[in-house]
Amino acid sequence: MAMNKVKINSDVELKDRLVAINRVTKVTKGGRTFTFAAIVVVGDGNGVIGWGLGKAGEVTAAIAKGVESAKKNLVKVPVIKGTIPHEMEMSFDGAKVFLKPAAAGTGMVAGGAMRAVLESAGVTDVLAKSKGSSNPHNLVKATILALSEMRDAYTVAHDRGISMEKVFRG
């Protein structure tokens, strides 16, 4: 598993997207206590994405904690001309995702949690399908895992010890 961890500078503009909010109720002798869990995706729109989970007594505090958590585990994913380099199928727990590159102008055919992750990464043309569980936590994790496992042609050539100049000259 080749997770391409990224450290960010303060000058990088990361946009956050809220994927889901859960209200959790704890029943005690004194009554009910409500807390909130928010799953958030951050990205720069240029191939850097991360996800985070924040839990707090208020929604805004949970979202803020989720954003801080997401900034701590950013990964770099290959985005080539607005799409992904190749097909990928990945699963995380019960959630299975299938990603397929699409021609320019196709748009994003993805739903829910997958759409938030792909938009944050800067992918504009992709065909995506979620199979199995629709749990947003696992869908986000499976989508980011699938994107981080992708490799573009330059990375593959470098790993094989081939220079891309050789490939293009013939």
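**View 1. Ser148 in helix H3.** Ser148 sits in helix H3, residues 136–149. Helices (H or I, at least four residues) and strands (E, at least two) are DSSP runs, numbered from the N terminus. The model is predicted: local features need pLDDT of at least 70, side-chain atom pairs count only at pLDDT 80 or more, and totals for chains, interfaces and linings use all residues. Residues are numbered from 1 along each chain as its sequence is written, and side-chain values use heavy atoms, with hydrogens and water left out. Ser148 has a relative accessible area of 2%, so it is buried (under 20%; exposed is over 50%, partly exposed in between; 1.4 Å probe, protein chains only). A polar atom of the Ser148 side chain lies 2.9 Å from the backbone oxygen of Leu145.

**View 2. The largest nonpolar core.** This core has 30 residues. A nonpolar core is a set of buried Ala, Val, Leu, Ile, Met, Phe, Trp, Tyr and Cys residues joined through side-chain atoms within 4.5 Å. Ile49, Leu99, Leu118 and Leu147 touch the most other members. Elements giving two or more residues include strand E3 (31–43), strand E7 (95–101) and helix H2 (112–121). H3 gives the largest share, seven residues. Another core, of eleven residues, lies apart; among them are Phe36, Val40, Val42 and Val48.

**View 3. Around Leu99.** Beyond its neighbours within four places in sequence, Leu99 is in contact (heavy atoms within 4.5 Å) with residues including Ile84, His86, Met114, Leu118, Leu147 and Met150.

**View 4. Leu18 in strand E2.** Leu18 belongs to strand E2, residues 15–28. Its relative accessibility is 40%, so Leu18 counts as partly exposed.

Conventions:
Polar contact = N/O pair within 3.5 Å; in protein donor to acceptor, adjacent residues only side chain to side chain.
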